[in-house]
Amino acid sequence: MARIFTQHRVRKSIPLAEMWDLNIEGVDVDRIPVPCCIETNPKLISYKGKAMLKTEFEAKGNIRIEFSGVSHTALVSLDGKLIGKHYGAYGSFDYILKEQESGSHELQVEIDNSFHEEASLNRPNDYYSYGGITRPVVVEKLDAVYIRQIHFLPYMKEQKWCGNIKAAIVNLTKQSQVTTVEVELAGQILQKEVLLQPDEEKEIVFEQEFATVEAYGPKNPKLYMMNVTIMMNGKIIDDYIDRIGFKEVSVEGQDILINGEKIIIKGFNRHEDYADYGCAVPLQAMYLDIELIKNMGANCIRTSHYPNDERFLDLCDENGILVWEEAHARSLPEEAMRHPLFMEQEKLSIYEMIKNHYNHPSIFVWGLLNESCDYTEFGRQCYKELIEYIKSLDNIRPVTYAACNYDQEVCFDLVDIVSLNMYPGWYTDKTTDEFLVDAVRWAESQGGAGKPMLVSEVGAGAIYGFRDRTHAKWSEERQEELLTQQLESILDSSRFSGVIIWQFCDCRVDTEWANVRPKTQNNKGVVDCYRREKLAYRKVKEIFEQHDR
């Protein structure tokens, strides 16, 4: 897995070429970097459809191939043989291939970013559906036994930090194997001897007190390296290193607590979208985003409307930025949620998000189904089943979703935190104070009474560089004025646990949205698609710093 720290010292990665062959019928483009959005090539700027990407690598024995993100549908083949099909642009997935012959192997990936009938989550939307292998690809050499994943759960017991560590290990051979599994964390070493039957996967559980560690929080993002190894016959044959933090999130009455302390959320919704790179954002640009967001005094990012690149979550971990991570889906009506593949594909997005990102201490809440059908009995059944599924994978973090179906909502009793999208002064003439009163009344009458409330979206549009003394719509002055009114009202309200601005950066939208989105972009960012600051940037910074509590 591509991370910003060394995740393996024993397990070896197999180098891959940075340039892959590209084949699209009728298009004169034959090479492209990976990771990359195919739309970054001028000949493919608005391409929708299939494309074949191909590379070669040298390998022998057991190998693991992991894709961190392919948009949207991937057919993966090795040496001309199909090894798997995957749907979903924003989840990591892998393939284990045993006993490969020594020599050169050809890896082929057919991608398809079109809105086809088998895709329930990908629809023409208020963000662009890019195509390509958009996140890193890793090929690793595996020994007889390997560590598939590790999950770490911190908790307090008798005023002391403790940890539950689960390591899933897999025997790739047809013989029984005796191994020693060792965990090194925060100065302690834990060991267990494990017998694995042929082809068996087994979960190894460790429980341990860590009395001297520091708690992880926004103002003290203390991280610890957790190193898990497998030893056979006195030799370490595999390792898996991750970073963890000792943090508890809880909901008490109308408050969100981090390690028992009330937190006020001041954040941004952020799309993985950059003018020059599409959604295949390089690490340097991720770093810039984090620094710009920190500079405004924000403490939270919502990954609207899909799981993010794990390297970005690593940066959030390091910087103490709280993350609302969200499974992929936006504005699905009941008809879309009745798609025969919807529940399967949404659960896959949830599973990959939680399985792969469980250990990130920055993540404080899981989200799903932004502005979807939460107002019918069928929609409620879907929300209920999916929220229960999230809690079956992680019953510690709270769950929420962003709602906008005023006076129709029927699902707030299902969540831990009530989250409301609102745009006073932009889509309605109501003032923010009026909107907040109505929103609280509505939410509390529909199962939200006594729960924390967040404003999960609020904002106004502005085209970078458009200045107008009359504060006309789409001017930077108008955006600054509305955000000032909105933020001051929300942050002065004792009923709300914070606000997440829509949005950090302008982003490209699908062409079907062009009639309501100037420049075919959602222009509500406080910076544009090149990260140039609009007038609202400094105003948000001023307001957030004034409400530093």
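## Burial and overall form

Of the 549 residues in the protein chain, 60% count as buried (under 20% relative accessible area, with a 1.4 Å probe and protein chains only). This is a predicted model, where local features need pLDDT of at least 70, side-chain atom pairs count only at pLDDT 80 or more, and totals for chains, interfaces and linings use all residues. Residues are numbered from 1 along each chain as its sequence is written, and side-chain values use heavy atoms, leaving out hydrogens and water.

Along its principal axes, the C-alpha trace spans about 75 × 65 × 45 Å. Eight helices and 31 strands make up the secondary structure; these are DSSP runs numbered from the N terminus, with helices (H or I) of at least four residues and strands (E) of at least two.

## Two nonpolar cores

Let's look inside. A nonpolar core is a set of buried Ala, Val, Leu, Ile, Met, Phe, Trp, Tyr and Cys residues joined through side-chain atoms within 4.5 Å. The largest one has 77 residues, and those touching the most other members are F268, F342, L369, F412, L487, V540 and F544. Helix 6 (residues 432-448) gives the most to this core, six residues. A second, separate core of 31 residues includes I14, W20, V29 and Y95.

Beyond its neighbours within four places in sequence, L369 is in contact (heavy atoms within 4.5 Å) with residues including F342, E346, Y383 and Y401.

## A buried serine

S77 sits in strand 6 (residues 73-78). Its relative accessibility is 13%, so S77 counts as buried. Leaving out residues up to four places away in sequence, S77 touches L82, I83, E106, L107 and Q108.

Key:
Buried < 20%, exposed > 50% of the residue type's maximum accessible area, 1.4 Å probe, protein only.
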